[in-house]
Amino acid sequence: MSRVHERIWVGIDAGKGHHWAVAVDAEGESVFSTKVINDESQILALIETARAKAGEIRWAVDISGRASTLLLALLVAHGQHVVYVPGRTVNRMSGAYRGEGKTDARDARVIADQARMRPRGFSQLDTPPELVTTLRVLTNYRADLIADRVRLINRLRDLLVGICPALERAFDYSAAKGPVVMLTECQTPAALRRIGVKRLTTWLERRKVRNPGDVAARAVEAAQSQMIELPGEKRAAKLVCDLAHQLLALDERIKDNDREIRETFRADERAEIIESMPGIGPILGAELVAIVGDLSGYADAGRLASHAGLAPVARDSGRRTGNYHRPQRYNRRLRYVFYMAAQTAMMRPGLSRDYYLKKRGEGLLHTQALLALARRRVDVLWAMLRDKKLFISAAPAAQTA
């Protein structure tokens, strides 16, 4: 079949169940528009349709996550050039086109047009290595588990307030396992008073709870401060018992997931270098690798800092110059990784703490000083990965000539 166009741009509005593809030529005229089910055979048919229309094809998508994994894998496997057009860009540029309606076909047309008009304005997509993909799956799953844990603890505390407010205040159920284990057996003040401190301590010891005597004493003390039985207490107690069992099971799932993350992360050749930097453990290191991949998408440390939201952006206008603000577009999870690593390193004596105290001495607030430290550590980590060298805590001694 003869090829009609020298080059076309295919924009794809990606979704979980289906995609919509629109192709435009060099003049911006539509070549074809079609709906494609997220299925291998239909995506391959789309690739053949595009090949029949032009000698060279440029693909652009607006989602680079799990919804477009099959699409990207097939495009890359067939040697196609794919770029990522952010959804924010698509939403803003839609206002420059005629009409106010929003459809998948319209969005796909905007994606194709933006890729055509800005050939070097968007980053190219490629299939990440298997280890990076695995870490992304594991770290995303961990984030979901942590969110589930927060919801369970909030429900648990809310129910305990309706049973015994003093018992709810007595423990930090998010940080200690012992009180949660206790709630699987005793949930009401009456039940705690019946069992007593001695028997509850023995029961907790058999379940290998840390400091069982302290947990039992505080629980019984809270129970003795309330003699009245609140309405709905019996049903609420059953729900608390069920939530406590769910929370303990969820903690085991998180522990297993963390172990798998550590094993997978340490299979990467860069793991030793990343972990040598104070404040970065296997979990934060795995988050870092899952987001940045092999660092091929960053020209220098400044680009990495900008992606993490650690590089201020200028907002100058007229005579107002030197007006820098926090950026609005950056990766929140990547910023969290560097922020938490800086906070952990700052708490121990060393170069990071010295730099933090120096910034506090210059008048910066705690958060500002931490962000300044995180920005500096981006440069250090970049140099370590570039030179493949471990972190050295002390400056090398000057040699005498």
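The largest pocket of this predicted model has a volume of about 2,200 Å³. A pocket here is an open set of points on a 1 Å grid over the protein atoms alone, with protein on both sides within 12 Å along at least five of seven lines, and lining residues have an atom within 4 Å of a point. The volume is the space filled by probe spheres set on the points, which are joined across faces, edges and corners. The lining comprises 49 residues, of which Ser64, Tyr84, Ser123, Leu125 and His307 are the closest to the centre of the pocket. Two or more lining residues come from each of α2 (69–77), β5 (81–84), α3 (87–93), α5 (130–161), α12 (282–292) and α13 (301–307). Helices (H or I, at least four residues) and strands (E, at least two) are DSSP runs, numbered from the N terminus. The element that gives the most to this lining is α5, with five residues. Sorted by class, the lining has 19 nonpolar, 20 polar and 10 charged residues; Ala, Val, Leu, Ile, Met, Phe, Trp, Tyr, Cys and Pro count as nonpolar, Asp, Glu, Lys and Arg as charged, and the others, Gly among them, as polar.

Two conventions apply. Residues are numbered from 1 along each chain as its sequence is written. Because the model is predicted, local features need pLDDT of at least 70 and side-chain atom pairs count only at pLDDT 80 or more, while totals for chains, interfaces and linings use all residues; side-chain values use heavy atoms, with hydrogens and water left out.

The chain as a whole has 16 helices and seven strands. Its radius of gyration is 28 Å, well over the 21 Å that the globule rule gives for 401 residues, so the chain is more spread out than a compact globule. This radius is taken over C-alpha atoms, and the globule rule is 2.2 Å times the number of residues to the power 0.38. Along the principal axes, the C-alpha atoms fill a box of roughly 90 × 70 × 50 Å. Of the 401 residues, 42% count as buried, where buried means under 20% relative accessible area, exposed over 50%, and partly exposed in between (1.4 Å probe, protein chains only).

The model also holds one cavity of 30 Å³ or more, a cavity being a set of points where a 1.4 Å probe fits but cannot get out. The volume of the largest cavity is about 50 Å³. Its lining draws two or more residues from each of α12 and α16, and α12 gives the most, with three residues. By class, this lining has eight nonpolar, one polar and one charged residues.

Among the residues that line the cavity is Leu295, which lies in the loop between α12 and α13. Leucine 295 has a positive phi of about 70° although it is not a glycine, and it counts as buried at 13% relative accessibility. Asparagine 211 also has a positive phi, of about 50°, without being a glycine. This asparagine 211 sits in the loop between α8 (189–206) and α9 (212–224) and counts as exposed at 52% relative accessibility.

Threonine 264 belongs to helix α10 (residues 233–265) and, at 15% relative accessibility, counts as buried. Apart from neighbours within four places in sequence, threonine 264 is in contact (heavy atoms within 4.5 Å) with Leu131, Thr134, Leu135 and Leu138.
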